2 protein chains.
Amino acid sequence: MSEKPYTISQVAKMLGVSPSTVSRAMNNAPGVSDSVRKQILEFVDEIGYRPNTVAQSLSRGRSNMVALILGDIRNPFYADLAFGIQKALDTKGFIVTTFNSEYDYKKEKQFIQFAEQYNYSGIILVTVNSEEADKYLGHLDIPVLLVNRITKHYNGPLIVTDNFQAGYIAARHLINLGHKRIGFLAGQNKSSSASSQRFQGFQQALNNYQLDYHADYCLYDLDWRMNTGYQAAESIFSTPRETKQRPSAFLIANDLLALGFMNYCGEHGIRIPDDISIVSFDDIAYSSLHQIQLTTVSQHVETMSKEAADLMLQLLTDPPKEPKRVIIEPTLIVRNTTQHYQEP
Amino acid sequence: MSEKPYTISQVAKMLGVSPSTVSRAMNNAPGVSDSVRKQILEFVDEIGYRPNTVAQSLSRGRSNMVALILGDIRNPFYADLAFGIQKALDTKGFIVTTFNSEYDYKKEKQFIQFAEQYNYSGIILVTVNSEEADKYLGHLDIPVLLVNRITKHYNGPLIVTDNFQAGYIAARHLINLGHKRIGFLAGQNKSSSASSQRFQGFQQALNNYQLDYHADYCLYDLDWRMNTGYQAAESIFSTPRETKQRPSAFLIANDLLALGFMNYCGEHGIRIPDDISIVSFDDIAYSSLHQIQLTTVSQHVETMSKEAADLMLQLLTDPPKEPKRVIIEPTLIVRNTTQHYQEP
DNA sequence: CTGAAAGCGCTAACAG
DNA sequence: CTGTTAGCGCTTTCAG
């Protein structure tokens, strides 16, 4: 592994052919006789020659690197997504670099520029919604695939969960259980269409079932971290309020927040679901633990990553003229953090 | 963002200077008058010219990409590690690509070759221990930094937790609590020095305190997934055995396995810590939840990632002749899954 | 201090 | 079918 790697012209010389022939043979491009091709391929394999991809990239004007830009790899939902995408693309000879925008659209933009500068050949983007992004997303030099986000003006390829429906069925579940005072711990609605659409689904459900939406049952603009969920619970339960005035159930924008929320409740003797029901979104692995048993809405991350990989592959090989848009049906997974409303 | 990017010669032409001068100015290399340099820098900034990094990479023979090869990004411990390293290196102008070896040394090797082929300028490696790796790790063309693994013959730069000590203090904690029959759910000892050293620490502690090591209290070669921990518990508790013959406590090779183990226990009415004490390793975020409260040994992943990033940076800029090796002290975090041994 | 020229390793017309 | 010739965009001697 230590000797200087061969170059294509060295290989060509050894074989007594020209570099172009070697190149053609290796890229199975037409214009090489089968016998010569075979010979080259075997030889190359034997001596372990591998083309320098940087040179290829420069020469071709494109690489086989794909950028995956997402919020934070420490969120298990994203870790799953990244893992799936990466695994699928690896086997096709693409390598994917993951960037953590930390939900900051400036960082996101930097990464996008990075990707262009580095001749990345595609970007899979869980975008931080912003007016700016909405403007340029459609006109990047390289193919973009939006994942789990949607923006007003972008109409390129896309793959999302129906987050409106996710919010709707989550809320309906609670309503079915007899809850009337339902709060919502919202994510960063401005920067996440997923979050805002879940919120809208929630409101729609309230509306359909003639329930009031109380702004003061809700918390807004929470970042997606566990600790923030903890603090949210703290602020909710430490402000004195008649029990009857307090929501009996909460929708929580993602599992991480919900876990933090439950953590606070556990520490302070607030029983779930006896005192309060909660349902959230994502269905990360930890939500299914017996000790947790979180009722949540699955986004089917496995499907999502598979579709994302497939779609990106398609964009890279033969881009369809009609951008493909795939929508995933969310599924409510009822576990143990929700129960029938009981008069306090 | 859509117009074709400028090339260095275009920029040079616009300024009426030569490409080399622009290059020198931008890399603050000597040989440009301050006034010209300033002018160039300003102009470049204004029009937003950014050098094509692929071309740079080819020309220089090295890039500013660093590969991070680890087992599985879905393990929160690795997600934390990756996040920390990436964040630290990003700000220094390096981009890091994460590869999931899935604990398979063949994949690992592939990724290493990949990295060389792509002109990566450094590799941060949580290696899958293997004889093969041990041979070539020292002689790669590019700087390597081993993280949380150690091999027999490799003596390059390194950063590890003292995993022997980790195993030792974990076991001692249990022994202090009066446990005498202690089992171990081992990870993949052959491919993970972290795992095997924890195991050795455990055995040493037993030895020091005159306790017997029972091979049949132990399970070996578990992969690191939650579900495997679940199955381990299943196999342990479903084989009939006198309670007095059963371990009263377990060391478990990492938190993920432990979580799976606890999951099974929860589902089957096995109370922790009343019926069985457990302590594991990593201290991932989910272990600290009130509903979990796992006693575990922290590897201080934050320190680890910071050190790793610093060390890699050093290797890339001015490699010291003596390879630096840093060892991190593990810390036992006592929570709620361990208690005094009680006669059954 | 500055510019011209060669070259990094590969691909892609263009000839034969 | 095969080889020759230019580049891709940048860095880096080497002259001036």
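Modeller: Helix 10 and helix 11 of chain B cross in a right-handed manner. Handedness here has a definition: the crossing is left-handed if the near helix is turned anticlockwise from the far one by less than a right angle, and right-handed if clockwise. This is a predicted model, in which local features need pLDDT of at least 70 and side-chain atom pairs count only at pLDDT 80 or more, while totals for chains, interfaces and linings use all residues. Residues are numbered from 1 along each chain as its sequence is written, chains are lettered from A and ligands numbered from 1 in the order written, and side-chain values use heavy atoms, with hydrogens and water left out.

Two numbers describe such a pair: the angle between the axes and the distance between them. Here the axes of helix 10 (residues 226–238) and helix 11 (residues 255–267) of chain B come within 6 Å and cross at roughly 50 degrees. Axes are lines fitted to C-alpha atoms, for helices over the stretch in contact, and angles run from 0 to 180 degrees between N-to-C directions. Helices (H or I, at least four residues) and strands (E, at least two) are DSSP runs, numbered from the N terminus. Helix 10 and helix 11 of chain B are therefore oblique to each other. The cut-offs: under 35 degrees is roughly parallel, over 145 roughly antiparallel, 65 to 115 roughly perpendicular, and the rest oblique.

Now the residues in contact (heavy atoms within 4.5 Å). Helix 10 of chain B brings B:Met226, B:Thr228, B:Gly229, B:Tyr230, B:Ala233, B:Glu234, B:Ile236 and B:Phe237. Helix 11 of chain B answers with residues including B:Leu256, B:Leu257, B:Leu259, B:Gly260 and B:Phe261. B:Asn263, B:Tyr264, B:Cys265 and B:Glu267 are also among them. Ala, Val, Leu, Ile, Met, Phe, Trp, Tyr, Cys and Pro count as nonpolar, Asp, Glu, Lys and Arg as charged, and the others, Gly among them, as polar.

B:Thr21, B:Val22, B:Arg24, B:Ala25 and B:Met26 of helix 2 touch B:Val36, B:Arg37, B:Ile40, B:Leu41 and B:Val44 of helix 3. By class, this contact has seven nonpolar, one polar and two charged residues.

In chain A, look at helix 1 (residues 8–15) and helix 3 (residues 34–47). The axes come within 11 Å and cross at roughly 120 degrees. These two helices of chain A are therefore oblique to each other. Their crossing is right-handed. A:Val11, A:Met14 and A:Leu15 of helix 1 meet A:Gln39, A:Ile40, A:Phe43, A:Val44 and A:Ile47 of helix 3. Seven of the contact residues are nonpolar, one is polar and none is charged.

Next, the DNA. A residue is near a strand if one of its heavy atoms lies within 4 Å of it. Around DNA strand D there are 25 residues, and A:Ser20, A:Ser33, B:Ile8, B:Tyr49 and B:Ser59 come nearest. Polar contacts are pairs of N or O atoms within 3.5 Å; within protein, one must be able to donate a hydrogen and the other to accept it, and residues adjacent in sequence count only if both atoms are side-chain atoms. A side-chain N or O atom of B:Tyr49 sits 2.5 Å from a phosphate oxygen of DNA strand D. A polar side-chain atom of A:Ser59 lies 3.3 Å from a base nitrogen of DNA strand D. Helix 4 of chain B gives the most to this surface, with four residues.

DNA strand C also has 25 residues around it, with A:Ile8, A:Tyr49, A:Ser59, B:Arg24 and B:Ser33 nearest. A phosphate oxygen of DNA strand C is 2.8 Å from a side-chain N or O atom of A:Ser23. Another entry is A:Asn52, whose polar backbone atom is 3.0 Å from a phosphate oxygen of DNA strand C. The largest share of this surface, four residues, comes from helix 4 of chain A.

Back to helix 11 of chain B. The loop between helix 11 and strand 8 (277–282) of chain B holds B:Pro273. The peptide bond from B:Ile272 to B:Pro273 is cis, with omega near 10 degrees.
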